[in-house]
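Let's walk through this model together, starting with a pocket and then moving on to some charged pairs. Keep the structure open beside you as you read.

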Amino acid sequence: MRPSLDADRYPWVAMGVVLVGTFMVLLDTTIVNVALPVMASDLEASTGIEWVVTGYLLAVGGVQPATGWLADRFGRKAVFLWSLAFFSLGSLLAALAVNLPLLVAARFVQGLGGGAIMPVGLAMIYELFPADRRGAALGVWGIAAMAAPALGPVAGGYLVTAAGWRWLFLINLPIGLLGIILGLRL
């Protein structure tokens, strides 16, 4: 159900939901990097900790080619919202992981959801904005897309020292839930 927003504001508000998903996915590409030694120690993993990052990135890249077909078949909004839910589920599973193989599997699930968010989100932005406003919209999206990986190590370092490595993933849950709720409304 589309809220009663004027035609000029609606695309920007809807793009805000797309930015929530995009920002989380890109933030998670770098947020765990500084926490890998702490994770390895906590999970008693002497080798293989690099798969926490590699598994995520492989899943993100692997799912992207199918995203267009999925969006055409089931609708962009549905694929975006399911991807956001899948990403959030992967985040929860990662936070609850008790060993390295479970953490890597959870990150893979997270990456499968995350990999579809960006291409579908960009297609939604393309649809939301007329041709004369698309450049500005993509510029705003680009700022978020560039800021997220840059903020990842800083946010990761803070969360690891202040709360523990599991919060790198738990932080995604309220943000993902908010994105899903707003996405359903918009």
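The residues lining the largest pocket divide into 8 nonpolar, 1 polar and 4 charged. Here Ala, Val, Leu, Ile, Met, Phe, Trp, Tyr, Cys and Pro count as nonpolar, Asp, Glu, Lys and Arg as charged, and the others, Gly among them, as polar. Please keep in mind that this is a predicted model: local features need pLDDT of at least 70, side-chain atom pairs count only at pLDDT 80 or more, and totals for chains, interfaces and linings use all residues. Residues are numbered from 1 along each chain as its sequence is written, and side-chain values use heavy atoms, with hydrogens and water left out.

The lining is made up of 13 residues, and Tyr10, Ala14, Lys77, Met124 and Leu186 lie nearest the centre of the pocket. The elements that give two or more residues to this lining are α1 (10–27), α4 (76–96) and α5 (100–128). Helix α4 supplies the largest share, 4 residues. Helices are DSSP runs of H or I with at least four residues, numbered from the N terminus. A pocket is an open set of points on a 1 Å grid over the protein atoms alone, where a 1.4 Å probe fits and protein lies on both sides within 12 Å along at least five of seven lines; lining residues have an atom within 4 Å of a point.

Now for the charged pairs. How many salt bridges are there? The count comes to 3, where a salt bridge is a side-chain nitrogen of Lys or Arg within 4 Å of a carboxyl oxygen of Asp or Glu.

Asp28 and Arg107 form one of them, at 3.6 Å from N to O. Asp28 lies in the loop between α1 and α2 (36–42) and Arg107 in helix α5, so the pair ties together parts that are 79 residues apart in sequence. Is Asp28 buried or exposed? Asp28 counts as buried at 0% relative accessibility, and Arg107 is likewise buried at 0%. Buried means under 20% relative accessible area, exposed over 50%, and partly exposed in between (1.4 Å probe, protein chains only).

In another salt bridge, the side chains of Glu127 and Arg76 meet at 2.8 Å, N to O. Glu127 lies in helix α5 and Arg76 in helix α4, so this pair joins parts 51 residues apart in sequence. Glu127 counts as exposed at 54% relative accessibility, while Arg76 is partly exposed at 27%.
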